[in-house]
Every structure is written in structure tokens, then in C-alpha cells.
Amino acid sequence: MEFLTSPLSGIRIIKCPVFHDDRGYFLESFNRKQWEEAGLPYEFVQDNQSLSNKGVIRGLHFQRKPHAQGKLVRVSSGKAIDVMLDLRPDSPTFCKHFSIELDATSGVMVWIPAGFAHGFEALEDNTVFNYKVTAYYDSKSEAGIRFDDPELNINWMTRNPLVSQKDKLLPTLREWLSASGSDRL
């Protein structure tokens, strides 16, 4: 595994070697020893998986402390644009976002530390998105930022996305910052 940095503080892009042959491919998606050597947490407590068709946008979601989650994300079928938004007030990349294309065969995954909002857009039908998380889901800690916040200007590919009603009601980043007592934007 190759552990690369990203434009956002703390985000790591992980490239897994992919071994192709006439049967298909094989990749190792987690290796505790290599994670320890890279200085990343390896205590995952829950695995999640979602299935989305082309044009679905999920997010930008996060859990508040004390149930904040670090996430290892990858696509195991299809293709997606993955988006991370830094919500850590002391971070040098606070309120900045980053996106990367993930697909089933490249072997690319992303480590997202706790304190980031996260979302993705499915670029193909039957896109399967996998998450390994460091804290259990807690409905009372659930929060999010609107996917279409004009100040964020995220470059989603779909012009008419399918979005849950719950995600349509999320606050903008500015509204969330104001409600949380911060004026930094």
C-alpha cells in the first residue's frame, strides 16, 4: 500500500496494488501492520455499505463529538466522486473541501479523520460505496452540511441529482458555523 497526502490536512489517499489476470483482479484493502507503520488508526468498529445509482448524491454527513467517526472509504462497484469538507476549527484547511474520483478497479481508497463532513456522487448505476468507521453510528450525533451550498461551489457532475429529503434540509456551512458559535468562513 502507498499512503499519499492530499490538499487537506489529515486526509490520506491510499493506493492498493491491484493484481489483474484473465480471471479479474485481486487487491488487499486493509493491512493493520501497514496502517500502523503509516501512523494511521486501525481500530475500526463498524463497516457500512451503500448502493446508489447514477446521479445520487449522499451527504455531506458527519457525527458530532463524542461519536465523531474517522472513515476509510472505497468504491467496490461502479464509480463515484468523493468529497471531504474540513470542519476542524484548529486545522490549517478549516472550511476547505477536496474531491477525488474513486472506482472499483483502481485500488484507491481515502482515509478521512474525524472532524470532516463527507459525501459522494454516484457516477454509474449500481455504485457500491464501502465505509470502515472508527466509532459506532449514533443518531443523536448525526449532522451535515448542504451538498449544494453555493459558497462551497462543489463541482458535482450531475445537474439534477437524486438527494434524500433529509439531505435537502441540511444547513449551509455558514448556517452551521453560526449555529455552532463560529464565525470563521
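Is Arg 32 buried, partly exposed or exposed? Arg 32 is partly exposed, since its relative accessible area is 46%. The model discussed here is a predicted one, and the values below were computed from it.

## Charged pairs

Side chains of opposite charge can pair when their charged atoms come close. The structure contains 8 salt bridges, and the table gives details for some of them.

| Salt bridge | N to O distance |
|---|---|
| Arg 32 and Glu 36 | 3.2 Å |
| Arg 146 and Asp 148 | 2.7 Å |
| Arg 174 and Glu 151 | 2.6 Å |

Arg 146 is located in the loop between β13 (142–144) and α2 (165–168). Its side chain makes a polar contact with the side chain of Asp 148 at 2.7 Å, and the two residues also form a salt bridge. Asp 148 is partly exposed, with a relative accessible area of 35%. Beyond four places in sequence, Arg 146 touches Leu 60, Leu 152, Asp 167, Lys 168, Leu 169, Leu 170, Pro 171 and Thr 172.

Leu 170 occupies the loop between α2 and α3. With a relative accessibility of 15%, Leu 170 counts as buried, because the cut-off for that class is under 20%. When residues up to four places away in sequence are set aside, Leu 170 touches Leu 60, His 61, Gly 144, Ile 145 and Arg 146. The C-alpha atoms of Leu 170 and Asp 148 are 9.9 Å apart, and 22 residues separate the two along the chain.

## Nonpolar cores and Asp 86

Which residues have the most contacts inside the largest nonpolar core? They are Leu 60, Leu 85, Leu 87, Ile 145 and Leu 173, in a core of 21 residues. Two or more residues of this core come from each of β6 (57–63), β8 (79–86) and α3. Another core, of 18 residues, lies apart from it and includes Ile 11, Ala 80, Val 108 and Val 110.

Leaving aside neighbours within four places in sequence, Leu 87 is in contact with Phe 62, Phe 94, Gly 115, Phe 116, Ala 117, Ile 145, Leu 173 and Trp 176.

Asp 86 is part of strand β8. Its relative accessible area is 0%, so Asp 86 is buried. The side chain of Asp 86 makes a polar contact of 2.5 Å with the side chain of Ser 91. Outside four places in sequence, the residues that Asp 86 touches are Ser 9, Ser 91, Thr 93, Phe 94, Cys 95, Lys 96, Gly 115 and Phe 116.

## Pocket and cavity

Rolling a probe the size of a water molecule over the atoms shows where empty space is left. The largest pocket has a volume of about 500 Å³. It is lined by 24 residues, of which His 61, Lys 71, Tyr 131, Tyr 137 and Glu 142 are the closest to its centre. At least two lining residues come from each of β5 (46–52), β6, β11 (116–122), β12 (127–133) and α2.

Which element gives the most to the lining of the largest pocket? That element is β6, with 5 residues.

The structure also holds 1 cavity of 30 Å³ or more. The volume of the largest cavity is about 50 Å³. Its lining is made up of Cys 16, Leu 27, Arg 74, Val 75, Asp 103, Ala 104, Gly 107, Val 108 and Met 109. The elements β7 (71–77) and β10 (108–112) each give two or more residues to this lining.

Technical notes: Residues numbered from 1 in each chain as written. Predicted model: local features only at pLDDT ≥ 70, side-chain atom pairs only at ≥ 80, totals over all residues. Heavy atoms only, no water. Helix = DSSP H or I, 4+ residues; strand = E, 2+ residues; numbered from the N terminus. Polar contact = N/O pair within 3.5 Å; in protein donor to acceptor, adjacent residues only side chain to side chain. Contact = heavy atoms within 4.5 Å. Salt bridge = Lys/Arg side-chain N within 4 Å of Asp/Glu carboxyl O. Buried < 20%, exposed > 50% of the residue type's maximum accessible area, 1.4 Å probe, protein only. Core = buried A, V, L, I, M, F, W, Y, C linked by side-chain atoms within 4.5 Å. 1 Å grid on protein atoms, 1.4 Å probe; cavity = no way out; pocket = protein on both sides within 12 Å on 5 of 7 lines; lining within 4 Å. Points joined across faces, edges and corners; volume = space filled by probe spheres on them.
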